[in-house]
Amino acid sequence: MNYSIIRYILCWVLQVIGALMALPCVTAVIYREKSGWAFAIVMVLCMLLGGIGKRIKPKSQVFYAREGFVTVAFCWILISIVGAIPFTLSGEIPSYVDALFETISGFTTTGASILSEVEPLSHCCLIWRSFTHWVGGMGVLVFLLTVLPATGGYNMHLMRAESPGFSVEKLVPRITESARILYGIYIAMTVVQMVLLLLAGMPVFDTLCLSFGTAGTGGFGILNDSIASYTVLQQGIITVFMILFGINFNVYYLFLVRRPKDALKCEEMRFYLLIIASAILMIAINTREYYATWGTSIHHAAFQVGSIITTTGYSTVDFNLWPQFSKTILVLLMFCGACAGSTGGGMKVSRIVVLFKTIRNELRLSMHPRRVHLVRFEGRPLEKAVVHNIERFFAAYILLFAASFLILSLENLDFASCFTAVSATLNNIGPGLEAVGPMANFGHLSHLSKFVLMFDMLAGRLEVFPMLVLLMPSTWKK
Amino acid sequence: MPKTVAENDRFGGVEDNMQIIVVGCGTVGATLTEYLSKEGHNVTVIDSKASRLTHVTNSYDVMGVVGNGASYGVQMEAGIEDADLLIAVTSSDEVNLLCCLFAKKAGNCHTIARVRDPIYSHEVNYIKDELGMALVINPEYAAATAIARLLKFPSAIEVDTFAKGRVELSKFRLESDNVLVGSMLKDIQSILKCDVLICTVERGDEVIIPDGNFQLREKDEISVVASAKNIVKFFKKMGMATQRVKDTLIVGGGSTTYYLAKQLLAMGIDVKIIERDRARCDELCELLPEASIVHGDGTERDVLMEEGIERAQSFVSMTNLDEENVMLSLFAKSVSKAKLVTRVHRMAYDELLDTLDIGSIVYPRLTIAEDIVRYVRAMSNSLGSNVETLHKLNDGRVEALEFWIQEDSPVVGVPLMQLNLKHNLLVACINRQGKIITPRGHDMIQVGDTVIVITTNTGLHDIKDILR
């Protein structure tokens with residue numbers, strides 16, 4: 001393992017995270033808040049430490065897939081540890097474990113909170129919470145790739161380990177250029193959403209925070225009741241953008257290079273939209289008598305479905321009070337997740353589609369044992385290795401889920417709370433049901449459970465394997 | 001906005017990067033991809049095998065497209081419309097030509113094809129002109145030419161030519177009995193009284209561009225630049241052989257052997273080829289009436305001894321297996337004093353081979369990559385002072401470039417000692433209308449000259465880039 005280059009990249013990451021803290025600092029200046037000092041101190045320290053560390057050049061440029069995995073895992077742990085310091089330093093979240101939970105929940109775009117009351121937080125803390133979503137959505141290392149001088153061959157391993165989906169490909173030959181295009185699309189869409197929300201009459205500060213949260217499919221609100229007290233129009237805009245940010249960014253790139261036909265052919269997007277449409281329909285019918293008009297029930301169904309499938313986690317109503325059928329649909333959507341190559345979490349629609357196709361092939365095989373099968377996806381046959389990778393991912397996912405579930409049951413909560421707490425964190429959604437429902441929080445859990453859930457959040461964001469690699473003894477052997 | 005040299009250096013000349021598509025990801029394709037990507041170009045690789053592409057996309061910053069490169073759809077997917085250059089290096093000549101034809105129509109880009117069948121090789125110019133191709137490359141032919149050059153000049157391990165053959169760069173190893181061992185570079189002029197320039201010294205793993213106070217040691221591999229005439233004089237003064245070899249023994253009768261034999265026979269060198277396949281022997285016999293063809297296994301000791309390896313003046317190992325070639329050369333070294341040339345395809349272990357005393361090693365891939373990289377650099381710099389020739393020396397760590405000065409630039413008309421040159425860069429030779437000048441501090445570069453520059457800063461595009 002080439003530790004020196006990992007250290008070098010982490011120093012870059014430290015500087016990036018320091019630079020990003022400029023936003024809460026500026027906010028603190030505008031609102032004249034004392035908590036801003038906490039951010040300023042951490043920011044200066046990050047820049048200094050990162051700057052010094054960067055001066056020592058790595059001894060060797062050797063960089064393989066395992067370095068990619070370990071760097072990505074370390075990077076996310078590092079930004080969480082650093083990003084949590086200002087919360088505790090300013091005294092707004094006194095317990096560091098809680099602050100860490102909140103920050104990991106932010107960067108992994110989960111949106112699960114330990115705070116029962118969000119509103120007392122200062123503006124700079126609120127915007128940092130939401131901004132972590134935005135940064136974590138597209139990925140810190142992908143951002144780093146846009147500025148890092150293109151030297152070694154390490155970039156592809158980094159991008160592959162951080163970006164969601166089973167076949168991460170570049171848009172254009174140069175990785176720097178690819179990363180810039182991705183961030184360009186990301187920034188443009190965020191800005192469009194901000195403009196629309198402002199036009200719909202939302203205050204500037206709320207617009208910024210909620211747009212960051214939507215773009216990263218995060219889910220931290222700035223009011224205690226999440227999104228419930230905003231107007232129907234504003235909620236509608238957020239619904240649409242949540243769903244848009246859950247689509248594979250390759251689709252937008254294809255639109256950008258004027259190949260809309262190819263963009264619309266995207267199989268994953270079609271399934272994604274199909275799932276959303278049918279889920280909305282079923283929930284709207286199921287919750288019809290809870291609301292006065294069809295319009296309202298469809299509106300709330302659409303918002304909740306969009307929020308859960310893209311793993312955002314905003315809510316306009318307490319869906320914990322919905323009938324069981326609707327709740328079950330939402331829990332299933334949690335596992336499904338958004339498209340690969342989007343900012344959303346979960347298992348990803350593409351994986352689910354491929355898994356269903358392999359099941360179909362297996363059934364056919366039992367009817368016609370000699371029949372030859374291929375799994376086709378996006379119009380191309382998938383290689384066996386890719387299909388196997390998806391199956392193993394699924395297995396690892398289930399096992400990790402089971403292990404976390406077991407530990408969490410020590411809390412002695414009811415089944416639904418335990419189950420959805422793990423599901424909501426492993427899939428980066430945020431709210432679960434019952435004790436961790438949309439109007440409740442994770443603050444009452446024990447430290448052990450919080451650490452397990454933190455691990456789950458990171459594992460969910462980085463698609464399980466990078467975090468599991470850290471647990472392997474051979475990773476640590478010299 | 002004019003970019004500073006430093007920026008340029010760091011990104012390898014991003015300002016004029018091109019969209020290049022490489023079809024075929026075999027050995028040559030992968031080497032090319034590596035070089036072109038490191039030059040800062042946007043490279044997309046097409047191959048029908050996904051596994052080969054994964055390897056390349058993991059190692060270099062390039063994009064891979066799976067499919068048949070001769071298909072219009074696949075070319076479109078690889079972005080042929082915006083491409084500047086397509087290089088077809090699949091294993092099939094016909095596919096390569098077809099790729100170029102389609103690319104020409106679909107993208108109106110420059111095209112380079114590898115065509116290696118000897119049948120086509122006579123028609124290279126016709127193919128090039130009629131199909132509008134920029135370059136037709138033949139790795140076997142290029143390798144054969146490189147080997148022939150070595151046999152013409154057996155004392156050198158490596159010979160590269162510039163200025164249409166008027167200037168030569170030869171690399172040789174300093175044995176313990178050489179008069180130069182222990183002397184300073186600035187004294188060489190007075191010891192040997194001949195006008196040569198020592199431009200690189202390879203000592204162990206290090207490659208040095210030395211200055212006057214550099215002291216030579218035993219086992220250094222030094223490269224000298226001079227006019228062809230002076231080089232001969234230089235070697236004579238050192239007491240090294242300057243005569244071309246009189247005969248050669250070649251093991252393996254592939255197409256490179258055919259091209260090589262043809263060139264050697266034309267120079268009046270006797271050629272003996274040992275080939276293990278009977279049918280190929282007959283074929284060679286028909287193609288090369290003047291050469292003696294021996295049917296036998298060239299890796300067998302008895303066969304080699306019987307064919308007189310001990311007396312041979314030169315020995316070229318050209319079987320299809322690198323390991324066999326290296327072994328044969330080691331054996332030849334032990335039984336004879338022949339000039340040895342070893343062909344090696346795999347470049348990954350080059351530093352290991354350098355430690356073995358097996359004479360000159362020819363990497364066909366490298367030869368081809370040099371040609372294409374030179375073409376690409378000239379293409380991305382169609383206005384300024386073009387790269388006329390490019391040779392990669394010392395395993396690609398050093399480049400020797402020949403620039404043709406076509407227009408006024410900051411380097412023209414200023415004495416060299418007043419130019420703020422980059423570190424590890426040497427203006428080795430100026431060719432002024434056929435007159436070869438070994439430049440000293442007060443010499444100036446003029447419009448119309450061709451200038452040879454030796455440097456470890458790889459990636460120079462224009463003569464301006466020699467400035468800091």
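This briefing walks through a predicted model with chains A and B, topic by topic. Chain A is assigned domain 1 (3-245) and domain 2 (384-476), while chain B is assigned domain 1 (5-137), domain 2 (160-170 + 178-235), domain 3 (247-362) and domain 4 (381-466). The two chains touch each other through 11 residues of chain A and 12 residues of chain B.

**Where the chains meet**

- The contact between the chains brings together 12 residues of chain B and 11 residues of chain A.
- On chain B, two elements each supply at least two residues of the side that touches chain A: strand S2 (42-47) and helix H3 (50-59).
- Of the elements on that side of chain B, H3(B) gives the most, with 4 residues.
- Sorted by class, the side of chain B that touches chain A holds 5 nonpolar, 5 polar and 2 charged residues.

**The two domains of chain A**

- Taken over C-alpha atoms, the centres of domain 1 and domain 2 of chain A are separated by 21 Å.
- These domains also touch: 28 residues of domain 1 of chain A are in contact with 27 residues of domain 2 of chain A.
- On the domain 1 side of this contact, the elements that give two or more residues are H4, helix H5 (96-107) and helix H8 (155-162) of chain A.
- H5(A) provides the largest share of that side, 6 residues.
- The residues on the domain 1 side divide into 15 nonpolar, 11 polar and 2 charged.

**Two helix pairs in chain A**

- Start with helix H3 (residues 36-55) and helix H4 (residues 65-89) of chain A, which pack at an angle of about 150° with axes 8 Å apart.
- Because of that angle, H3(A) is roughly antiparallel to H4(A).
- H3(A) and H4(A) make a right-handed crossing.
- From H3(A), A:Ala38, A:Phe39, A:Ile41, A:Val42 and A:Cys46 come to the contact, and they meet A:Val82, A:Ile85, A:Pro86 and A:Leu89 of H4(A).
- The contact of H3(A) with H4(A) has 9 nonpolar residues, with no polar and no charged residues.
- Another pair is helix H16 (residues 324-336) and helix H19 (residues 415-426) of chain A, whose axes lie 9 Å apart at an angle of about 35°.
- The crossing of H16(A) and H19(A) is left-handed.
- Here A:Val331, A:Met334 and A:Phe335 of H16(A) make the contact with A:Thr420, A:Ser423 and A:Ala424 of H19(A).
- By class, the contact of H16(A) with H19(A) has 4 nonpolar, 2 polar and no charged residues.

**The parallel sheet of chain B**

- In chain B, 6 strands in the order S3-S2-S1-S4-S5-S6 form an open sheet with parallel pairing.
- Strand S3 (63-66) and strand S6 (135-137) of chain B are the edge strands, and each pairs on one side only.
- From one strand to the next, the twist averages 15°.
- Within this sheet, strand S1 (residues 19-23) and strand S4 (residues 85-88) of chain B run parallel and are joined by 4 bridges.
- B:Ile20 stands opposite B:Leu85 in S4(B).
- H3(B), which also takes part in the contact with chain A, lies across S2 and S3 of chain B and runs at about 175° to S3(B).

- Strand S9 (residues 197-203) and strand S11 (residues 221-227) of chain B run antiparallel, with 5 bridges joining them.
- B:Glu202 stands opposite B:Glu221 in S11(B).
- As for spacing, the C-alpha centres of domain 2 and domain 3 of chain B lie 29 Å apart.

Notes
Residues numbered from 1 in each chain as written. Chains lettered and ligands numbered in written order. Predicted model: local features only at pLDDT ≥ 70, side-chain atom pairs only at ≥ 80, totals over all residues. Contact = placed C-beta atoms within 7 Å. Nonpolar A, V, L, I, M, F, W, Y, C, P; charged D, E, K, R; others polar. Domains from an automatic or database assignment. Axes fitted to C-alpha atoms, helices over the stretch in contact; angles between N-to-C directions. Parallel < 35°, antiparallel > 145°, perpendicular 65-115°, else oblique. Left-handed = near helix turned anticlockwise from the far one by under 90°. Pairing = 2+ DSSP bridges.
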